[in-house]
Amino acid sequence: MKALQVQQLGSLDDIEMVEIDSPDLLPGQIRVAVLASGLNYVDSLMIEGKYQIKPPVPYRPGSEIVGRVIEVASDVTNIEIGDRVFSPSGGFADEAVLSATRVIPIPDQLSDGQGATFMQSYLTAWFAFHKRAQVREGATMLVLGAGGGVGLAAVDLGVALGMRVIAAASSAEKRQLALDRGAFAAIDVLNEDVKLRTRELCGGGVDMVYDPVGGDLAEQCLRALAPFGQYLVVGFVGGIPRLPANHVLLTNRTVVGVDWGAWVGRNVVENQGMLVEVLAEIAAGKLHPVEPVTYPMSKAVQAMRDLQDRKIAGKVALVPLFD
Ligand SMILES: NC(=O)c1ccc[n+]([C@@H]2O[C@H](COP(=O)([O-])OP(=O)(O)OC[C@H]3O[C@@H](n4cnc5c(N)ncnc54)[C@H](OP(=O)(O)O)[C@@H]3O)[C@@H](O)[C@H]2O)c1
C-alpha cells in the first residue's frame with residue numbers, strides 16, 4: 001500500500017510518499033480501499049510541529065476517511081465486503097486496516113468526500129453546543145471563519161439548533177456557503193467593521209461568538225457580545241489573542257474553552273455515540289456537510305498550503321491518486 005509519511009516535524013516539505021506492506025488482518029479487523037481522506041487545518045499544524053500534540057516521528061498524517069471494505073477477518077459479523085464505511089482514523093493512504101467496531105456505514109446521500117470531511121468540524125461544533133456552551137433557541141451567534149471547515153459546521157449546527165447565525169468570512173464564496181446553510185446575514189471581515197456590523201444586525205449585541213480564528217478579530221468580537229453573552233474559544237488560525245478581562249467582567253460575559261481535540265482522546269466511547277448522532281442528523285437532512293474541494297494525495301502539500309492561505313471555501317479531501 002501507498003501512504004504519506006512525515007519524516008520529521010517542522011516543514012510541510014518533509015512529507016514523503018512511502019510504499020509499505022499491508023499487514024495481515026487480526027481478529028476483529030477489516031481492510032478498506034480508501035476512497036477519500038479528510039484534510040484538516042490541524043494536520044498541517046501537527047506536521048509543522050505547531051500543534052499541542054507532537055507525534056513521534058516518522059508518523060502517518062491524517063485521520064478521518066471513507067473506504068470500501070475489501071477484506072474482513074473471519075470473526076467479523078457486522079461488516080461485509082463491499083460496504084462503504086466511515087472511519088475516524090486511516091489517514092492519507094490508499095488502504096487501511098481498521099477495527100470493525102470503530103467503523104460506521106455511510107448514509108447513501110453522503111458522497112465519499114463529504115463522508116471523509118465532516119467528522120472533525122461537526123463534532124467540534126456538537127461538543128461545543130452540547131457539552132460546553134448554553135444554547136438557546138432564538139439566540140444570536142456570530143461565527144468567525146464561517147466559510148472554513150470548523151466555522152461552516154458551526155453555522156449549520158447552530159441553525160439546526162434554532163440559533164440566528166451571522167457568518168463572518170473573507171470571500172463572497174465563503175459567505176455564500178454559510179448563507180446557504182441558513183445564516184441570516186454575512187459580514188465581510190476584510191472590508192467591514194465586525195463589531196459595529198454585528199451590533200447593527202443584533203440590535204445591541206450578539207449572544208454567542210464561535211471563534212476558530214482568534215487574532216485581531218477576537219477582542220472586537222468579545223466587545224460585540226450582549227450582556228451574559230458567551231465567547232467560545234475554538235482555534236487560532238489568525239494567532240492566539242489576549243482577551244481583556246475587563247470586557248469579560250462588563251455585562252457578565254463568559255469565555256468558554258472548547259477543546260474537542262483533547263477531550264476525544266479520553267472519551268472514545270462517548271465520542272463514538274456523538275458520531276452516530278451526527279450521522280443520523282445528516283441522514284435525516286438536518287445537517288448539510290459541504291462537498292469538499294478534492295486534491296490527489298500526491299498534492300497533499302499544495303492542499304495544505306492552499307488551506308493555510310485561506311484559498312479554500314469549505315473543506316478539503318484527498319483522493320488516493322499518486323503520480
Ligand atoms: N477546539 C477544537 O477542538 C478544534 C477542533 C478542530 C479544529 N480546531 C481549530 O479550528 C481552527 C480552524 O480550523 P478549520 O479546519 O476550520 O480551518 P480552515 O478550514 O482552514 O478555516 C479557517 C478559516 O479561518 C480564517 N482565517 C482567518 N485568518 C486566517 C489566517 N491567518 N490563516 C488561515 N485562515 C485564516 C479563514 O477564513 P476567512 O478567509 O474567511 O477569514 C479560514 O477559512 C484551527 O485552528 C484548528 O486547529 C479546533
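**Entry 1: the cavity**

I began with where the largest cavity sits: domain 1 (2–118 + 290–319) and domain 2 (120–261) both contribute lining residues, so it lies between them. The domain bounds come from an automatic or database domain assignment. I noted that this is a predicted model, where local features need pLDDT of at least 70, side-chain atom pairs count only at pLDDT 80 or more, and totals for chains, interfaces and linings use all residues. Residues are numbered from 1 along each chain as its sequence is written, and side-chain values use heavy atoms, with hydrogens and water left out.

I found one cavity of 30 Å³ or more (a set of points on a 1 Å grid over the protein atoms alone where a 1.4 Å probe fits but cannot get out; lining residues have an atom within 4 Å of a point). The largest cavity holds about 70 Å³, the space filled by probe spheres set on the points, which are joined across faces, edges and corners. Its lining has 15 residues, and Tyr122, Gly149, Pro289, Val290 and Lys315 are the closest to the centre.

**Entry 2: who lines it**

I saw that helix 2 (112–117), helix 3 (119–132) and helix 4 (149–160) each supply at least two lining residues. Helix 4 gives the largest share, three residues. Helices (H or I, at least four residues) and strands (E, at least two) are DSSP runs, numbered from the N terminus.

**Entry 3: strands**

I then followed strand 4 (residues 65–72), which pairs with strand 3 (residues 29–39) in the antiparallel sense over seven bridges; pairing takes at least two DSSP bridges. Here Ser37 has Ile65 as its bridge partner.

Conventions: On a 1 Å grid over the protein atoms alone, a cavity is a set of points where a 1.4 Å probe fits but cannot get out, and a pocket is an open set with protein on both sides within 12 Å along at least five of seven lines; lining residues have an atom within 4 Å of a point.
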